[in-house]
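Student: I would like to learn how to read a few features of a protein model. Could we take them one at a time?

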Amino acid sequence: LYGNTKPFLTALISPASDAVDRASIESHIQAINSTLFPEQQIRGLVIATERFSIENGLLTSQFKPIRREIYSRLASEIEAIYGEGGENVLWRGAYGQ
């Protein structure tokens, strides 16, 4: 999740396979959001074009995300959520609007 000092939270998704089912991801996020308070809900979504892995420097040897590296590679998509543009942006702003 990303969103410290931002108006809402954005999820950064690293797909396990090349075939990304965007509808399933959106449905899952909406189901999660239905159980959360509005300020806890995910309102932005970015699907990474590359999988997070140890080899590409996005995960530690304990498979924890290296947030600084992930942000540096996805900065344009993340910032597009809070502005305009970004080809992998599924949602922008409140409730997918």
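Student: In which strand is L9 found?

Tutor: This is a predicted model. L9 is found in strand β1.

Student: Is L9 buried, partly exposed or exposed?

Tutor: L9 is partly exposed, with a relative accessible area of 22%.

Student: Which residues does L9 touch, not counting residues up to four places away in sequence?

Tutor: L9 touches L1, Y2, G3, Q40, Q41, I42, R43, G44 and Y82. For one of these, I42, the C-alpha atom is separated from that of L9 by 5.0 Å, although the two residues are 33 residues apart along the chain.

Student: How many aromatic pairs does a search of the whole structure find?

Tutor: The search finds three aromatic pairs. In general, a pair of aromatic rings is described by the distance of the centres and the angle of the planes. Y2 and Y71 form a stacked pair, at 5.4 Å centre to centre and with 20 degrees between the planes. Y2 lies in the segment before β1 and Y71 in helix α2, so this pair ties together parts that are 69 residues apart in sequence. Y2 is partly exposed, at a relative accessible area of 21%, and Y71 is partly exposed too, at 29%.

Student: Why is the pair of F8 and Y82 called tilted?

Tutor: The ring planes of F8 and Y82 are at 35 degrees, so the pair is tilted; the ring centres are 4.7 Å apart. F8 lies in the segment before β1, while Y82 lies in the loop between α2 and β3, so the parts tied together here are 74 residues apart in sequence. F8 counts as buried, at 14% relative accessibility, whereas Y82 is partly exposed, at 22%.

Student: Which residues do ring pairs link into a cluster?

Tutor: Y2, F8, Y71 and Y82 are linked into a cluster by ring pairs.

Student: Where is the kink in α2 centred?

Tutor: The kink is centred on L74 and is about 75 degrees.

Student: Which residues of α2 are buried?

Tutor: An α-helix has 3.6 residues a turn, so residues three or four places apart point the same way. In α2, the buried residues are I70, L74, E77, I78, A80 and I81.

Technical notes. Residues are numbered from 1 along each chain as its sequence is written. This is a predicted model: local features need pLDDT of at least 70, side-chain atom pairs count only at pLDDT 80 or more; totals for chains, interfaces and linings use all residues. Side-chain values use heavy atoms; hydrogens and water are left out. Rings of Phe, Tyr and Trp (its six-membered ring) pair if their centres lie within 6.5 Å; planes under 30 degrees apart count as stacked, over 60 as edge-to-face and the rest as tilted. Helices (H or I, at least four residues) and strands (E, at least two) are DSSP runs, numbered from the N terminus. Buried means under 20% relative accessible area, exposed over 50%, partly exposed in between (1.4 Å probe, protein chains only). Contact means heavy atoms within 4.5 Å. The bend at a residue is the angle between axes fitted to the seven residues ending there and the seven starting there.
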